[in-house]
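Please look over the sequence and the model before reading on.

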Amino acid sequence: MMIDRRPILRIAFAFTVVVVTAAGPASAQSNYYPPTPAQGPPPNLSDNSQQFAIDTFITHHCCDATTGVTDGLYDQIDHAIAENNASYGIGSSGAVITATKTRYSPWMYATQYTDRPNQNVILSSYFIKYDITDIYWHGISYPFSRTAGQSVDIQISCEGWYPWYQGNGQLTLTSTVSAVTVDSGHSVLEDTFGGILWNNAIPQYVDSVVTSKLSQFASGTHRRALGFPCNTLGTIAFPDSPQFDSVLWDFFVPRRFPLSTAFQQLSIRVAQVRRLAVHDLSNSPIYYAVESPRLELYVGYNHLVVNLPQMQEGQVYVPDSSAVVSSPIPPTTAQYSGRLVIIANMWQVPQNIEDSTFLAFDKAANWGAGTRTVNTPKIWWYTSPMISRKPILVRSNGYEVTLQISGPPTSVYY
């Protein structure tokens, strides 16, 4: 149920490993800008939260709705190893496979995007060590063994939790499976045996064969809705009794609403965009003398795109009245005080360069109501032998974006 069970590979060998298929392209994450603040979902709010134990729902699970086969992560590995070892000695080549499986305690983890909203998810990580022994090839036994490893990260999220008061979230499982890698370290005896007699050809050949087989293991990311509505999320870990590690969530509807749904909204208008002057040491503009940028604005989880004209340094662009995005008021409860997070991305579209920054406001700041300025950055490298032998990363304000934020009455409660 948790991870697709489909044969991917028969190694050596004849070992089948079942993992998930790759999904769409991963979102861009920059090494130069910090991730945006996680905006939620709120933690589970009640003493009677819904829950499931990780080891009876993900690690092990009974059963696949169609086939009736146990289909948890460890179940699938055990099935694959049993199929492999049952075929040992039948083909011209093969090996015996055993696995050592480790699961780490679940914890709350914030996604790490720099250019879009982040959220808190529950992360539970696994590491699988495969021992490959009794290797033979065309009937000839090989007296040495190999080990391989693979990591699997399982994330549980409440996708679509925002806006919190509408309760539209769905508990979702996302599995990220690494490529299987072979340990290249050999025993002294094997290196001596293969190195002296055959110039290391035999150990290298075995490595190349095993690696080529394992490289066919599917890796990547797969996402699946679990069918549970949610708008809060939490986890509990028991290091001394990991069988009780659990995922917790609520489907919680607040008791109090504003009289008018119009008062629930924050309105953010792009008043103007100014290109700032930024030059390198040779007085050349960063990045280009004339740029064709695109402004992307996230307010909460809502998105606005403003296509700017060609811009020179000092030029100001005033968009029309359609450059507005609204957002529900962030959740505020006894256990959780949400923030309004505004993310500004400036894209140099022809060159595919993205620069990102963000602002965050809470209820005490009236969600930032008024005129606010956010400066999207520019970064570049320069070398100065007098300062450092290595290139130096420079960051400066590139564009000044003026926002007009219309906040709700401060008497609105949730």
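Q: Is Trp381 buried, partly exposed or exposed?
A: The model is a predicted one. Trp381 has a relative accessible area of 48%. Buried means under 20% and exposed means over 50%, so Trp381 is partly exposed.

Q: How many aromatic pairs does the structure hold, and which geometry does the pair of Tyr32 and Trp381 have?
A: The structure holds 12 aromatic pairs. In the pair of Tyr32 and Trp381 the centres are 6.2 Å apart and the planes stand at 75 degrees. Planes over 60 degrees apart count as edge-to-face, so the geometry of Tyr32 and Trp381 is edge-to-face.

Q: How many residues apart are Tyr32 and Trp381?
A: Tyr32 belongs to the segment before strand 1, whereas Trp381 is in strand 19 (residues 370-382). The pair thus links distant parts of the chain, and the separation is 349 residues.

Q: What is the geometry of the ring pair Trp107 and Tyr109?
A: Trp107 is partly exposed at 44% relative accessibility, and Tyr109 is partly exposed at 24%. Their ring centres lie 5.5 Å apart. Because the planes are at 70 degrees, the pair is edge-to-face.

Q: Which residues does Tyr104 contact, leaving aside its neighbours within four places in sequence?
A: Tyr104 is in the loop between strand 2 (93-103) and strand 3 (107-110), and is partly exposed at 47% relative accessible area. Tyr104 and Ser125 are 21 residues apart in sequence, yet their C-alpha atoms are 5.5 Å apart. The contacts are Ser124, Ser125 and Phe127.

Q: Over the ring of which residue does the charged end of Arg116 sit?
A: The charged end of Lys101 sits over the ring of Tyr74, 5.1 Å from its centre. For Arg116 the distance to the ring centre is 5.5 Å. The ring under the charged end of Arg116 is that of Tyr113.

Q: Is the disulfide of Cys62 and Cys63 left-handed or right-handed?
A: This is one of two disulfides in the structure, with its sulfur atoms 1.8 Å apart. Cys62 is exposed at 60%, whereas Cys63 is partly exposed at 24%. The torsion about the S-S bond is about -45 degrees, so the disulfide is left-handed.

Q: How far apart in sequence are the parts tied together by the disulfide of Cys158 and Cys230?
A: The sulfur atoms of Cys158 and Cys230 are 2.1 Å apart, and both residues are buried. The torsion about their S-S bond is about 120 degrees, so this disulfide is right-handed. Cys158 lies in strand 6 (residues 146-159) and Cys230 in strand 9 (residues 220-230), so the separation is 72 residues.

How values were computed. Residues numbered from 1 in each chain as written. Predicted model: local features only at pLDDT ≥ 70, side-chain atom pairs only at ≥ 80, totals over all residues. Heavy atoms only, no water. Helix = DSSP H or I, 4+ residues; strand = E, 2+ residues; numbered from the N terminus. Buried < 20%, exposed > 50% of the residue type's maximum accessible area, 1.4 Å probe, protein only. Contact = heavy atoms within 4.5 Å. Phe/Tyr/Trp six-rings, centres within 6.5 Å; stacked < 30°, edge-to-face > 60°. Lys NZ or Arg CZ within 6 Å of the ring centre and 35° of its normal. Disulfide = S-S within 2.5 Å.
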